[in-house]
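The structure goes in first.

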Amino acid sequence: MNRFENKVVIVTGAGSGLGQAASLQLASENAKLVLVDLSLEGLKETEEKVLAISSNTEVLLVKANVADEEAVKGYVDATVEKYGKIDAFFNNAGIEGKQNLTEDFGTDEFEKVVSINLNGVFYGMKHVLKVMKDQGTGSIVNTASVGGIRGVGNQSGYAASKHGVVGLTRNSAVEYGEFGVSIKAIAPGAIMTPMVEGSLRQIGGDDWESAGKEFVKGNPMRRFGKPEEVGYLVAFLLSKQADFINGVVVPIDGGQSYKY
Ligand code: NAD
């Protein structure tokens with residue numbers, strides 16, 4: 001497939017996990033990429049993998065903290081300066097935070113998780129939507145979570161921020177449809193990335209792999225999702241093929257969120 005020929009796509013959290021997997025799928029379809037992350041090391045790793053797939057892919061790396069609005073404006077301005085437009089935006093960077101009961105969660109931890117997962121997504125939408133509205137075209141995929149559509153437990157900051165991402169998605173989708181821009185969210189279940197390894201280490205310590213085996217017994221498909229499976233979904237949702245899909249939250253979780 002070649003759905004991203006001459007298309008400019010920004011990916012945040014591109015240095016690892018789901019952002020990296022989506023970047024590789026987009027590169028395989030000839031996108032011009034702007035890869036954003038806090039970790040320059042992660043960005044360089046993704047760039048290397050992108051160039052291994054397609055050596056003439058145009059890539060701009062931007063080290064930025066999505067919780068800092070000036071830095072977000074910076075990656076949007078850098079994109080427009082280099083490429084003159086933004087066709088698609090995977091607004092994905094996020095963290096889990098330390099797991100704890102609500103009373104023990106900690107105000108600082110709550111504010112940290114919300115500032116990255118929710119404020120960061122809002123800043124990204126705010127600055128990218130201005131460009132897309134002027135263009136009269138564009139698509140955005142925000143990363144929510146199963147934790148954004150149901151209660152998971154021990155994740156006050158994560159749950160609040162991801163439910164917030166769902167709300168932002170629905171609100172802006174209603175506003176920007178008339179300007180030719182579609183906005184959707186994905187709600188991944190447990191996909192095996194460094195974040196999920198970190199989460200399992202919080203549960204099982206060094207024996208996190210056993211904790212993982214126990215964890216997936218509750219999934220209808222009895223396994224973790226693979227980052228590339230999320231990459232395929234994101235590429236479809238960002239492509240012109242998905243233009244009339246607007247305001248939805250698409251679970252990718254093996255059916256987990258439908259299970260009682
Ligand atoms: P990951 O830890 O592998 O990758 C996240 C990337 O985001 C890292 O490269 C990290 O450096 C970057 N990042 C973190 N904070 C940042 C900041 N302030 N500014 C810029 N970059 C920052 O995690 P992942 O599993 O790929 O998660 C990606 C997104 O998917 C997150 O929003 C996460 O909440 C969401 N998600 C993941 C899962 C899963 O099972 N993996 C499930 C549901 C939702």
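**Confidence.** I note for myself that pLDDT is the predictor's confidence in each residue, on a scale from 0 to 100. This is a predicted model, so I checked that score before anything else. The chain averages a pLDDT of 97. I found 100% of the residues scoring at least 70. For the complex, the predictor gives an ipTM of 0.99 and a pTM of 0.99.

**Ala 187.** I looked up where this residue sits. Ala 187 belongs to strand E6, which covers residues 181-188. Is Ala 187 buried or exposed? I counted 23 C-beta neighbours inside 10 Å. The cut-off for buried is 20 or more, so Ala 187 counts as buried.

Next I checked its partners from elsewhere in the sequence. Leaving out residues up to four places away, Ala 187 touches Ala 144, Ser 145, Val 146, Gly 148 and Ile 149, among others. The list also includes Val 249, Val 250, Pro 251, Asp 253 and Ser 257. I also took one C-alpha distance. Ala 187 and Thr 143 are 44 residues apart along the chain, yet their C-alpha atoms are separated by 6.6 Å.

**H4 and H5.** I moved on to helix H4 (residues 107-135) and helix H5 (residues 156-176). Their axes lie 8 Å apart, and the packing angle is about 15°. Angles under 35 degrees count as roughly parallel, so H4 is roughly parallel to H5. H4 passes H5 in a right-handed crossing. On the H4 side, I listed contact residues including Phe 110, Val 113, Leu 118, Phe 122 and Met 125. H5 contributes, among them, Tyr 158, Ala 160, Val 165, Leu 168 and Tyr 176. Which classes make up this contact? I get 13 nonpolar, 6 polar and 3 charged residues.

**H1 and H8.** Last pair. Helix H1 spans residues 17-28 and helix H8 spans residues 227-238. I read their axes as coming within 8 Å and crossing at roughly 55°. H1 and H8 are therefore oblique to each other. The crossing of H1 and H8 is right-handed. From H1, the meeting residues are Gly 17, Leu 18, Ala 21, Ala 22, Leu 24, Gln 25 and Leu 26. They face Pro 227, Glu 228, Val 230, Gly 231, Tyr 232, Val 234 and Ala 235 in H8. By class, I logged 10 nonpolar, 3 polar and 1 charged residues for the contact of H1 with H8.

Methods: Residues are numbered from 1 along each chain as its sequence is written. This is a predicted model: local features need pLDDT of at least 70, side-chain atom pairs count only at pLDDT 80 or more; totals for chains, interfaces and linings use all residues. Helices (H or I, at least four residues) and strands (E, at least two) are DSSP runs, numbered from the N terminus. A residue is buried if 20 or more other C-beta atoms lie within 10 Å of its own, exposed if 12 or fewer, and partly exposed in between; C-beta atoms are placed from the backbone. Two residues are in contact if their C-beta atoms, placed from the backbone, lie within 7 Å. Axes are lines fitted to C-alpha atoms, for helices over the stretch in contact, and angles run from 0 to 180 degrees between N-to-C directions. Angles under 35 degrees count as roughly parallel, over 145 as roughly antiparallel, 65 to 115 as roughly perpendicular and the rest as oblique. A crossing is left-handed if the near helix is turned anticlockwise from the far one by less than a right angle, and right-handed if clockwise. Ala, Val, Leu, Ile, Met, Phe, Trp, Tyr, Cys and Pro count as nonpolar, Asp, Glu, Lys and Arg as charged, and the others, Gly among them, as polar.
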